[in-house]
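Subject: Structure for your review

Dear colleague,

Please find below the structure that I am handing over to you.

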Amino acid sequence: MVEHEAAPGMIEVHNLTKVFGVNPVLRGLDLTVARGEFLTLLGPNGSGKSTLLRILGALSRPTAGSVRIGGWELPREADFVRRQLGVVSHQPLLYDNLTAEENLIFFARLYDLPAEQRAGRIRAVLQRVGLWRRARDVVRTYSRGMVQRLAIARAVLHDPAVLLLDEPYTGLDQDAAALLDDLLREVAIGGRTVIMTTHDLRRGHLLADRVAILSRGQIAFDAPSSAIDPDALPSLYADVTGAATIS
Amino acid sequence: MSAQGETTPTTAEAAVPVRRVKVRRPVTAYWHAVAAIAWKDVRAEIRSRELINSMLLFTLMTVMIFSLALELDSNARQTTVTGVLWVTIVFAGLLGLSRSLASEKDKGSLDGLLLAPIARSALFFGKMIGNLLFVLVIALVLMVLLTVLFNITLLRPLLLLLVVLGSIGFTTIGTLLSSMSVHARSRETLLPILLMPVVLPIVISAVRGSTAVLNEMPSQDWLPWVQLLFMADVIYIAASYALFDYVVEE
């Protein structure tokens with residue numbers, strides 16, 4: 001196991017435990033993500049990736065341990081944490097009976113963006129994801145790739161300091177996935193801290209500054225991307241998660 | 001937290017340089033969020049008409065069945081029509097309530113709402129106001145239908161007041177209970193089972209008050225029911241405000 005030395009970070013998780021009923025999903029997990037760092041979190045199904053992101057997103061309370069984002073403590077200061085978070089998941093978190101523009105107006109109001117800045121900001125993010133010309137189309141007429149681009153626009157609308165990406169490539173074809181790569185690189189620029197979970201080892205390694213593997217509710221491997229041979233990553237992944245796969 | 005301006009983490013030992021967050025006056029932001037959620041529900045419904053069409057169809061069918069099945073003289077009509085009115089409002093409203101949060105959950109958009117930096121109670125009131133508007137539209141259509149089919153003028157100011165008060169109580173507790181049942185596998189059956197006993201005081205008060213108003217009885221006959229409805233509304237709103245945080249918490 002490679003230990004990654006990180007300075008006190010934007011995201012600090014210490015001894016995090018989450019138990020559903022009698023089933024522990026996270027077991028004393030420790031993780032620090034530095035400001036502006038892009039961390040890819042790999043792991044098999046059931047390893048606790050989504051649970052960890054739900055706790056970081058203040059959607060779920062930890063059973064034990066401490067979580068701090070940008071200095072704010074969860075769940076006590078969840079409202080302040082939520083202001084700093086943008087979340088993209090395999091579900092778009094959008095309304096398919098509203099247009100792209102209406103969806104973003106709605107979320108701009110929820111995030112309390114000043115009224116005089118809303119139109120400009122919405123235009124900017126829609127242009128960035130290449131959907132400005134379809135802004136007034138109802139979302140249900142969009143392809144899966146377009147919906148995911150709009151989901152990214154929604155996630156960065158309020159200019160969050162932290163992006164949580166939970167398997168954002170689910171259901172995308174190769175072209176849409178390549179476009180998403182570019183978008184994620186772009187949104188990660190500018191000091192944003194990003195945590196992305198994915199099953200796509202190659203893509204996860206390529207995008208990230210650092211790769212961690214979650215197994216049995218703990219970080220079983222953690223190293224900078226530059227220290228990992230991409231060709232060796234599949235076998236490394238199998239070695240690290242083997243015990244969890246067998247059980 | 002200051003009323004307006006910049007805030008920083010309260011924990012003194014925060015080691016990380018922190019992005020400062022602009023926070024608007026909390027009360028204003030709260031009601032902005034409530035209005036945004038209600039606006040979103042109404043806007044989406046105007047476009048899809050999924051909910052309102054099924055509620056209207058149910059209302060029309062129920063009223064037709066009652067008007068054909070019950071051959072009533074004018075006195076019996078005066079006492080029966082309010083029962084028909086409220087039974088139809090409750091069951092048509094149930095159709096809307098059961099889909100309100102369930103569709104958010106099914107489409108995954110509920111997480112989008114829960115991720116927003118708004119008070120959970122603002123989410124509740126936004127959804128509740130959206131539901132209330134749908135129920136009031138149905139109630140208004142229903143009153144016109146009953147006026148035509150039962151030949152009784154239902155569109156009276158006092159009766160409208162009772163309908164508004166009754167609908168507020170019904171949608172308040174209905175929205176809370178639909179949020180509780182939204183994660184259950186058999187939520188369509190669970191919601192009526194949970195809701196009916198709790199909504200009974202509202203239905204009884206509304207029917208008795210409406211009958212007294214319709215029969216032009218003196219104020220001492222309908223005023224206690226109006227007061228009871230008002231009290232039930234206050235209690236249900238306060239209880240929902242206090243409980244909703246725990247209901248949506250995972």
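How many bridges join β6(A) to strand β7 (residues 162–166) of chain A, and how do the two strands run? There are 5 bridges between β6(A) and β7(A), and these strands run parallel. Please note that the model is a predicted one.

The sheet of chain A

These two strands belong to an open sheet of 6 strands in chain A, ordered β6-β7-β8-β3-β9-β10, with mixed pairing. The edges are held by β6 (85–89) and β10 (218–224) of chain A; each has a single partner strand, so one side of each lacks a neighbour in the sheet. On average, and ignoring direction, neighbouring strands are turned by 15° against each other. Helix α5 (residues 144–156) of chain A packs on this sheet, where it touches β6 and β7 of chain A. The direction of α5(A) makes about 165° with that of β6(A).

Chain A as a whole

The secondary structure of chain A consists of 8 helices and 10 strands. Its radius of gyration is 18 Å, close to the 18 Å given by the globule rule for 247 residues, so chain A is as compact as a globular protein of that length. Along the principal axes, the C-alpha atoms of chain A fill a box of roughly 50 × 40 × 35 Å.

The contact between the chains

Chain A contributes 33 residues to the contact and chain B contributes 30 residues. On the side of chain A, β5 (72–74), α2 (78–83), β6 and α3 (100–110) each supply at least two residues. That side comprises 16 nonpolar, 8 polar and 9 charged residues. The edge strand β6(A) is thus named among the elements that touch chain B.

Helices of chain B

In chain B, the axes of helix α3 (residues 74–107) and helix α6 (residues 157–181) come within 9 Å and cross at roughly 35°. The crossing of α3(B) and α6(B) is right-handed. Among the residues that meet there are B:Gly93 and B:Leu97 in α3(B), and B:Phe170 and B:Gly174 in α6(B). The residues of this contact divide into 5 nonpolar, 9 polar and no charged.

Helix α7 (residues 187–214) of chain B bends by about 50° at B:Val199, and a proline, B:Pro201, follows within four residues. Just after α7(B), B:Glu216 adopts a positive phi of about 50°.

With kind regards

Technical notes
Residues are numbered from 1 along each chain as its sequence is written. Chains are lettered from A and ligands numbered from 1 in the order in which they are written. This is a predicted model: local features need pLDDT of at least 70, side-chain atom pairs count only at pLDDT 80 or more; totals for chains, interfaces and linings use all residues. Two strands pair if DSSP finds at least two bridges between them. Axes are lines fitted to C-alpha atoms, for helices over the stretch in contact, and angles run from 0 to 180 degrees between N-to-C directions. Two residues are in contact if their C-beta atoms, placed from the backbone, lie within 7 Å. A crossing is left-handed if the near helix is turned anticlockwise from the far one by less than a right angle, and right-handed if clockwise. Ala, Val, Leu, Ile, Met, Phe, Trp, Tyr, Cys and Pro count as nonpolar, Asp, Glu, Lys and Arg as charged, and the others, Gly among them, as polar. The bend at a residue is the angle between axes fitted to the seven residues ending there and the seven starting there. The radius of gyration is taken over C-alpha atoms; the globule rule is 2.2 Å times the number of residues to the power 0.38.
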